[in-house]
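Hello,

Here is the structure I promised to pass on to you. Please open it alongside this email, and my notes on it follow below.

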Amino acid sequence: MAAELPLTGLRVVDMADEKGELAGRLLADLGADVIRVEPPDGARSRTLPPFHADQSLYFAVRNTNKRGIVLDLHDAGDRDRLLGLLADADIWIETTRPGELAAVDLAPRDVSARFPDLVVASITDFGQTGPYRDHVATDPVMVAMSWMLFRAGVPELPPVLPPGAMAYDVVGVTGAFAALTGYLQRLRSDNAPHIDVSVIEAVQQTTDWGLASYSIISQRMSGSYSQIRSGGGQIYPIVPCKDGWVRPSIVTKAEWRKMRAWLGEPDMLQDDHWDQSSARIEIYHDVIEPLFVEHFADMTMIEASEEGQRRRIPITPLLRPADALDADHYRELRTFVDGEVIGGVKGPVAGGFYLFDGERIGFRTPAPSLDEEGYVGWAGDRLEPSIELGGDVARGPFAGVRVLDFGVAGAAPEIGRLLGEYGADVIRVESPMRPDLFRQLGGPMGMSPVFASSSRTKRSFGVDFTHPDAVEQVKELVSRSHIVVENLPPGTMDNFGLGWDELQATNPDLVMISSQTMGSRGPWKEWRGYGANTQPPGGMTYLWSFPDADAPVASNVAFPDHVVGRLGATVATALLIDRERRERGLHVEIVQAEVAINLLADLFVREALEPGSVGPAGNRSERGAPWGVYQCAGEQRWSVITCRDDHDWRRLREALGDPEWARDPELDSVAGRRTRHDEIDERITEWTLQRTDTDVMAALQAAGVPAGKMMYVGDIPDDPHLVARGYPLTLEQTGLGTMLVEGPGFHSDSMPGPITTAAPLLGEQTREIAREVLGLDEATVDRLIASGALHLPPTSPQP
């Protein structure tokens, strides 16, 4: 299979350590020859939990399919060996602190200038510029400052950190997309960029379009944008059942009516007033929740989920890792593959994020061992693709690429937006009879803040999918396009007459990227749901809690929609690079529940090898102590503080004023501090409660302690670092006015983008696309509009 992978022959030197290691892993999954460079005593990530047989599973799952080489960059001979590697490489990924490599004459900008064909992707916590540039961090610190810790848990408890390494893995996916975007730029313009990828921006991009919503609701509508965590909320609650918990998501009127019927049509809920989700929120705890608890009490979580899905109600089970490992559905999907994980130890490992025409793409070889160098020269011939896409490359590396976006809500639309920001012509193909959920949040014009953010920089082609003339015009669009993306409910595209077989017959070179909740095969393939329904069967919701909680403390986030978007953009770019070499089109699937499983792959491996060993960890970590989320002065203001080792602890003591309690010799070791973690947490909280979150971060960063404030989206517009890096972007949006949207996840002085233009009204460019892309004359366009096959925006005059 390796010879058929799209990046076969691409040469990558990987010096990512701890953060962003998934970038090289994704490129290797897609066929690149990735050489993992480590110092003589091994990468730092080899010391990170979880462990099995004293070996790091963190390192193991993020470095599969790579080969290894050991180089001491303080040795002149080894530096020359590295430069020799880079001279023949296409991409260099590195995660050193800004300025660190300059001390050994390997400054990334200098290396980029020395090798003009080399794309350099520098991944750091805060980027190469800005006030926080030199701050120290860990994954939990970056989760606090850039992800959705503020939505994690309930207000009665501290915000709860997510399982895994969420921030550092999300930036890894963004890093893969950035590196391939830079490589595409080099192929089309002979300009290989140095790319500045920051965790804080790349992960801020994935905060559920919160900045856009905040800017409109708080500033334009004089409303109150709720930022305080509320568990799963009343729309996506977690409900106990016979053997665990289920998560029903009752969003639309149709879903509510079906749920009401399943409850036995209670008299008190018959009024049409309760069809509105806002009304149901008001009575959830007093009326609806007790009905749910009674209703599901005698059902297992699988029975409840299967029956609810049969009724077309989005509901999914909160699987534990052991449940997922044993699920028939994942067995049929080959979600887990048996392979050597570490040093002769075999077990089920998450097989990868992609399916190509139904075949799993991912795990092939284990991570390199430190004592067995895997590099003996580049493997095979170098990738030398020919790129003929047309378009003005000055617009961006994807200029000339046409993408048809059939997506709804978050996942597929994010793929289209990312490609559009760097030059692609992205056309939303959509129907007023089946408007996007995000459009339904926007009133009569169909423009909500979340839609504006997820579908900016696109055009809209309005159609009636039930009209045969509309389907024919859509097929004509397909014949003139490179990529189709969709995340519609299972079977929808086939019902439209636009399934993969039909589209490939129309355009044999087409790439189609599909992403459904549970995939296209297996007993749960028909299941549907929102982001909140995707996390539970992937094990994430169960693990994202406190170990002593009576029930999982849910988080109200749309994960993994944004990650799907970046995975989709990455594979789309890889297949564009490989377009001229490929003999046919390809159907790519990204199963949303598998995204959670793959991001938690090390925890699943540990559970498989040591049954019963993995559960919710709350805010503690095997890595160090103290480690947690600490309350500060002000309403629901918190900071994350992490001590990785004894050195961090000594610095923390100094920052606290070296109090007498901290001088106890028992606290000089991680083991000693771990046994008294509760006591230490109380002492630290006494200190943090006397200070603002900003002051806590400033004081501890000045001492060199990894710490950061928990950022709310309302903090973003005035954050000095994000403002200095130009992250909050202003957009003039039809139907909303002036608003803020999320800025770029990476920067480069020598690469255009991102392009940010207003999101379209439904059908706003129907005429334009019909004329310019389909080549139809005005009379034909008028006829198709008059027949109802094509549609214009509601405010446009109809012929």
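**What I found**

I387 lies in the loop between β15 and β16. Please keep in mind as you read that this is a predicted model. Is I387 buried or exposed? With a relative accessible area of 16%, I387 falls under the 20% cut-off, so I387 counts as buried. Leaving aside neighbours within four places in sequence, I387 is in contact with L184, L187, R188, L576 and I577.

**The nine-stranded sheet and D405**

β15 and β16 both belong to an open sheet of nine strands, with the order β15-β14-β21-β20-β19-β16-β17-β18-β28 and mixed pairing. At the edges are β15 (359–361) and β28 (790–791), each of which pairs on one side only.

Within this sheet, β16 and strand β17 (residues 425–430) run parallel and are joined by four bridges. D405 lies in strand β16 (residues 402–405), and R428 in β17 stands opposite D405. The relative accessible area of D405 is 0%, so this residue is buried. Which side chain makes a polar contact with that of D405? The partner is K458, at 2.7 Å. Beyond four places in sequence, the contacts of D405 are A412, P413, V426, I427, R428, V429, K458 and V485.

Next, please go to the start of the chain. All five residues of strand β1 (residues 11–15) are buried, so the strand is largely enclosed by the rest of the structure. R11, V13 and M15 point one way from β1, while V12 and D14 point the other way.

β1 pairs with strand β2 (residues 33–38), running parallel to it over four bridges. The bridge partner of R11 in β2 is D33. To get from β1 to β2 the chain passes through helix α1 (residues 21–29), and this β-α-β crossover is right-handed. β1 also pairs with strand β6 (residues 91–94), again in the parallel sense and over four bridges. In that pairing, M15 stands opposite E94 in β6.

**The nonpolar cores**

The largest nonpolar core has 173 residues, and F296 and Y354 touch the most other members of it. Which helix gives the most to this core? Helix α6 (residues 166–189) does, with 13 residues. Setting aside neighbours within four places in sequence, Y354 is in contact with L26, L30, E359, R360, I361, L567, T570, V571, V588, E589 and I590. Another core lies apart from this one; it has 32 residues, among them L404, V429, V781 and L792.

**Aromatic pairs**

A search of the whole structure finds 21 aromatic pairs. One of them is W262 with F296, an edge-to-face pair at 5.5 Å centre to centre with 80° between the planes. W262 lies in helix α9 (residues 253–262) and F296 in helix α10 (residues 277–296), so the pair ties together parts that are 34 residues apart in sequence. Both residues are buried: W262 has a relative accessible area of 9%, and F296 has 0%.

W524 and W527 make a stacked pair, because their ring centres are 4.5 Å apart and their planes are at 10°. W524 counts as buried at 7% relative accessibility, and W527 counts as buried at 4%. These two tryptophans are part of one aromatic cluster, formed by Y330, F336, W524, W527 and F604.

Best wishes

Methods. Residues are numbered from 1 along each chain as its sequence is written. This is a predicted model: local features need pLDDT of at least 70, side-chain atom pairs count only at pLDDT 80 or more; totals for chains, interfaces and linings use all residues. Side-chain values use heavy atoms; hydrogens and water are left out. Buried means under 20% relative accessible area, exposed over 50%, partly exposed in between (1.4 Å probe, protein chains only). Helices (H or I, at least four residues) and strands (E, at least two) are DSSP runs, numbered from the N terminus. Two strands pair if DSSP finds at least two bridges between them. A crossover is right-handed if, with the strands pointing away from the viewer, the path from the first strand over the helix to the second runs clockwise. A polar contact is a pair of N or O atoms within 3.5 Å; within protein, one must be able to donate a hydrogen and the other to accept it, and residues adjacent in sequence count only if both atoms are side-chain atoms. Contact means heavy atoms within 4.5 Å. A nonpolar core is a set of buried Ala, Val, Leu, Ile, Met, Phe, Trp, Tyr and Cys residues joined through side-chain atoms within 4.5 Å. Rings of Phe, Tyr and Trp (its six-membered ring) pair if their centres lie within 6.5 Å; planes under 30 degrees apart count as stacked, over 60 as edge-to-face and the rest as tilted.
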